[in-house]
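Subject: Structure handover

Hello,

Here is the structure for you to look at. My notes on it follow below.

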Amino acid sequence: MRTLLWTLVVLALLAVGADRGADWWAEREAATRLAAAQDLGATPDVDIAGFPFLTQALAREFGEVSATGDDVVVRSADGELRLARLRVTFTDVTTDRDLSRFAAQRGRAVATISYAELGRLTGLDVTYVGEGRVRGSREVTVAGQRFDPGVTVRPRLTEGAVRFVDAAAEGSLPPAVTAVVQAAFDVDLPVGALPYDVRPESLSATASGLRLVLVGRDLSFAG
């Protein structure tokens with residue numbers, strides 16, 4: 001009886017090991033194919049949820065698959081935008097046998113744009129000041145005098161782009177001084193064509209950066 005018990009335990013461990021090994025291979029294969037299909041430039045970390053994996057693989061149906069990438073570069077005719085992180089979660093996923101085709105009924109992504117990236121794009125020192133507002137500042141020389149004006153703005157999602165509105169200058173510096181900083185915020189950051197065919201739904205300013213939520217339905221990829 002004891003021998004039979006140990007045999008069952010060993011077989012169970014082997015089955016679990018085989019399941020985890022197959023899951024490991026599938027996650028890396030899916031990551032490689034998604035990177036190629038979306039021209040990501042770097043391979044994301046893919047996680048296939050659920051256990052056991054093999055029963056999902058045999059049915060070619062997965063409840064949830066997520067892909068996470070850091071320093072994701074998005075290029076467009078308007079220039080280059082670097083996302084500090086992009087995490088997308090697909091639900092109700094189906095694939096073919098070799099994972100070369102991938103379809104999901106829904107996708108929800110969260111993208112983070114760092115304040116360092118906003119600084120690169122605007123030429124300002126950009127920080128979060130709370131209540132959904134960010135502050136930009138830089139040294140300005142006017143009529144031979146140096147100033148360090150600050151302007152706060154509110155990021156807003158408008159027509160597939162991040163814009164900065166409701167500008168408020170700090171202190172009582174001459175308008176010609178604060179206008180330099182306000183003009184630097186007069187930029188549009190296009191976010192309507194991010195990877196995975198998800199579209200922007202909401203935007204918020206947080207302590208760690210601008211948080212962009214994107215959604216998509218009936219998504220399909222081939223790689």
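This is a predicted model. Its average pLDDT is 83, and 86% of the residues score at least 70. Residues 4-17 stay under 50 in pLDDT, and the model has one contact for them beyond four places in sequence.

The sheet: five strands form an open sheet in the order E5-E6-E9-E10-E11, with antiparallel pairing. Strand E5 (125-130) and strand E11 (189-190) are the edges, each pairing on one side only. E11 pairs with E10 in the antiparallel sense over two bridges; the bridge partner of alanine 161 is proline 190 in E11.

The helices: H3 lies across E5, E6, E10 and E11 and runs at about 135° to E5. H4 also packs on the sheet, where it touches E6, E9 and E10, and its direction makes about 30° with that of E9.

Helix H4 (residues 175-184) has Val177, Thr178, Val181 and Ala184 as its buried residues. These residues are on the same side of H4 because they cover an arc of only 115° around the axis. Their cover includes helix H3 (115-122) and strands E6 (133-137), E9 (150-158) and E10 (161-169), among others.

Leaving out residues up to four places away in sequence, threonine 152 touches Val129, Arg133, Val134, Arg135, Asp166, Ala167, Ala168 and Glu170.

Regards

Methods:
Residues numbered from 1 in each chain as written. Predicted model: local features only at pLDDT ≥ 70, side-chain atom pairs only at ≥ 80, totals over all residues. Heavy atoms only, no water. Buried < 20%, exposed > 50% of the residue type's maximum accessible area, 1.4 Å probe, protein only. Helix = DSSP H or I, 4+ residues; strand = E, 2+ residues; numbered from the N terminus. Arc of directions from axis to C-beta. Contact = heavy atoms within 4.5 Å. pLDDT = per-residue confidence, 0-100. Pairing = 2+ DSSP bridges. Axes fitted to C-alpha atoms, helices over the stretch in contact; angles between N-to-C directions.
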